[in-house]
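Dear colleague,

I am passing on the structure for you to look at beside your own notes.

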Amino acid sequence: MMTGTCRRIERRAELIRAHFWDEGQGFFFEYQFEQQKQLPFWSLAAFWTMWAGVATPAQAEQLVQHLARFEHEHGLTQTDQPYASPHPEFSALQFSYPNGWPPFQIMVIDALEAYGYIEIAQRLARKFLRLQLDWFDRTGVLWEKYNVVAGNLECPRERYPVVPLHGWSSTAVAYLGRKLFKTM
């Protein structure tokens, strides 16, 4: 017997799958409610559906096939390419290519593990953890975000420059390090 809460949860999952999923492209896209259309931007945000258990196994498989759009030598970019800022006062977006943000690295890795893509998750964890530790060795601090394409701290600036020792970066080192240590 399904409770009211369970019915609401499943209804939300159905709505996400109905409005955000693009069957032709095999990907979840953000949905602009007021215009009732999907936005055309390829983003790691699609993997929240796996993290939350909303994606079906078939949808998850298609999402994983698109990881190559985001995966680079040092981790995952937020988007598959640089997109123009919708804000005229900014020339770049923080949550865009070539930036890799620690909480999104963690989320995608956890999402992959939840659907059984363990080897891919471990590969991604190693890449991003190695980048963070390399920059810690060079600078003595962890950083808020990283350029995961070039493997450096040269990120397009939207509102402010890359800042040191952000909490999510510390979390990523500890969390991903523990995950990888358990597999050794």
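In what follows, contact means heavy atoms within 4.5 Å, and helices are DSSP runs of H or I with at least four residues, numbered from the N terminus. This is a predicted model, in which local features need pLDDT of at least 70 and side-chain atom pairs count only at pLDDT 80 or more, while totals for chains, interfaces and linings use all residues. Residues are numbered from 1 along each chain as its sequence is written, and side-chain values use heavy atoms, with hydrogens and water left out.

Helix α4 (residues 102–114) meets α6 through Pro102, Pro103, Ile106, Ile109, Asp110 and Glu113, and the α6 side of this contact includes Trp168, Tyr175 and Lys179. The axes, which are lines fitted to C-alpha atoms over the stretch in contact, with angles running from 0 to 180 degrees between N-to-C directions, lie 8 Å apart at an angle of about 30 degrees. The two helices are therefore roughly parallel (under 35 degrees).

Helix α5 (residues 118–139) also packs on α6 (residues 167–183), their axes coming within 9 Å and crossing at roughly 130 degrees. α5 is followed by Gly140, whose phi is positive, near 80 degrees.

Best wishes

Methods: Parallel < 35°, antiparallel > 145°, perpendicular 65-115°, else oblique.
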